[in-house]
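Biologist: I'm new to this one. Could you walk me through how to read it?

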Amino acid sequence: MNTPLYAVVDPATGDVIREYPTATDESMDAALRAATTAYQEWSRQAGVRHRADLLRKVAELHNARSGELAEIIRREMGKPLDQAVGEVEFSAAIYAYYADNADKFLADEPVELLAGEGDAFIRRQPIGALLGIMPWNYPYYQVARFAAPNLALGNTIVLKHAPQCPESAAALHRIFADAGFPEGCYVNTYATHEQIADAIADPRVQGVSFTGSERAGAKIAEIAGRNLKKVVLELGGSDPFVVLSSHDLDATVQAAVDARFENTGQACNAAKRFIVADELYDEFVGKFTERALAKADGLAPLSSVAAAERLADQLERAVAAGATLVCEGRREGAHFPPTVLTELSPTSPSAAEELFGPVATVYRAGSEAEAVELANATPYGLGSYVFTTDPEQAMRVADRIEAGMVFVNGVGLDGVELPFGGIKRSGFGRELGRAGIEEFANKKLIRAARL
């Protein structure tokens with residue numbers, strides 16, 4: 001039996017729990033029409049403080065419904081309840097952050113004139129209806145990163161969520177309605193790939209934000225480019241975790257384990273390649289492997305059986321390319337055992353792939369320069385981690401790593417105020433922080449001569 005396009009599917013078994021009807025062409029047109037009308041009639045009349053008040057209500061509703069929302073994504077993609085609740089609460093914090101800071105971020109910015117009399121300033125204004133295409137691995141957080149700053153700015157949102165997330169998509173639509181956003185400000189749609197391609201090209205859509213695979217991102221960017229649309233892409237990652245020295249190797253190893261196995265390793269910016277100084281390598285590998293394998297007890301399944309099968313195929317090719325694999329247990333459906341790879345040549349095609357699951361690859365580095373070279377030996381450039389006891393070395397290495405984000409001597413340091421995004425084949429543009437409200441803003445110059 002073919003799985004429907006939008007459905008809640010048990011991640012472990014592949015059993016369909018509930019199906020959702022795919023959007024008709026008429027309903028998709030209605031969604032774009034509603035978002036455009038809301039922009040024209042609401043956005044241009046509602047001041048920033050009113051928009052901020054609505055976002056604050058969205059944050060409150062996330063917190064009030066955290067248990068219900070968490071249970072939904074546990075069903076959809078297998079996330080443990082404690083992590084699911086944490087995601088809901090972090091999403092609430094994002095909405096609250098933009099509610100609290102919208103006034104400041106959108107204040108007129110004076111420009112000092114070099115010649116002539118009068119005044120000049122930059123005024124940040126919305127541009128219209130935006131299309132958001134979101135992934136399954138963080139069903140609420142990914143939406144919050146896109147929707148919160150743009151609704152604060154006054155853009156309106158048409159949201160196409162991942163096919164695995166129809167229930168959470170509907171729950172979010174209800175939250176925006178219950179918070180008081182007028183119809184069309186935030187519209188959920190269960191669109192097909194063909195309908196989304198048409199929507200990107202539709203003149204009513206002024207910009208597109210996509211988080212997902214590199215292949216899909218390239219297709220979306222191609223359509224957007226042909227139609228002269230601004231696009232923000234957050235794609236894959238193969239983030240390096242560089243260990244150059246440590247006062248407490250046990251703590252560093254635990255940080256490495258935490259950085260790899262959060263969300264069962266299904267995070268774009270999770271540490272995936274561990275690059276360890278030669279003098280620490282053997283001890284690090286021993287401790288890391290022991291703790292990684294111990295994660296098997298209670299580890300949540302991957303998002304689907306198909307995802308586990310893809311990961312298994314990647315590992316087979318890595319071993320065929322010369323990697324040594326350490327693993328206890330075997331894959332059962334979508335449940336995938338923690339795995340550690342060593343001795344994989346950094347020039348192997350397998351080394352360039354993103355391993356989306358509980359698999360870590362460890363490399364030995366003979367020097368700081370070699371560690372940086374290994375860190376940058378990837379087509380991706382999303383996040384990275386540097387652990388060292390030398391502050392000068394930390395800044396030197398952070399400066400040389402080719403990534404959109406570098407975290408020094410810590411994991412889990414993300415914050416709503418910190419811009420998120422990458423370079424190279426990890427995409428372009430930024431979300432969160434002040435940068436997140438700038439991406440789809442018209443930075444309008446107003447220059448007035450003195451009368």
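Predicted model: local features only at pLDDT ≥ 70, side-chain atom pairs only at ≥ 80, totals over all residues.

Biologist: Where is H247, then?

Modeller: H247 sits in the loop that runs between β10 (239–243) and α9 (249–261). From H247 to T388 you count 141 residues in sequence, yet their C-alpha atoms are 8.5 Å apart in space.

Biologist: Is H247 buried or exposed?

Modeller: Buried means under 20% relative accessible area, exposed over 50%, and partly exposed in between (1.4 Å probe, protein chains only). H247 has 76%, so it is exposed. D202, in the loop between α7 and β8 (205–211), counts as buried because its relative accessibility is 15%.

Biologist: What does D202 touch?

Modeller: Contact means heavy atoms within 4.5 Å. Not counting residues up to four places away in sequence, D202 touches L32 and K229.

Biologist: How do I read two packed helices?

Modeller: You give the angle between their axes and the distance between the axes. Axes are lines fitted to C-alpha atoms, for helices over the stretch in contact, and angles run from 0 to 180 degrees between N-to-C directions. Here α7 (residues 193–201) and α8 (residues 214–226) have axes that come within 8 Å and cross at roughly 35°.

Biologist: Which residues of α7 and α8 meet?

Modeller: On the α7 side you'll find A197, I200 and A201, and they meet I220, I223 and A224 of α8.

Biologist: And aromatic rings?

Modeller: For a pair, you describe the distance of the centres and the angle of the planes. Rings of Phe, Tyr and Trp (its six-membered ring) pair if their centres lie within 6.5 Å; planes under 30 degrees apart are stacked, over 60 edge-to-face, and the rest tilted. Searching the whole structure turns up 18 aromatic pairs. Y97 and Y98 make an edge-to-face one, 5.1 Å centre to centre with 80° between the planes. Y97 counts as buried at 14% relative accessibility, and Y98 is buried too, at 0%. Elsewhere, ring pairs link F241, F274, F284, F288, Y385, F387 and F407 into a cluster.

Key: Residues numbered from 1 in each chain as written. Heavy atoms only, no water. Helix = DSSP H or I, 4+ residues; strand = E, 2+ residues; numbered from the N terminus.
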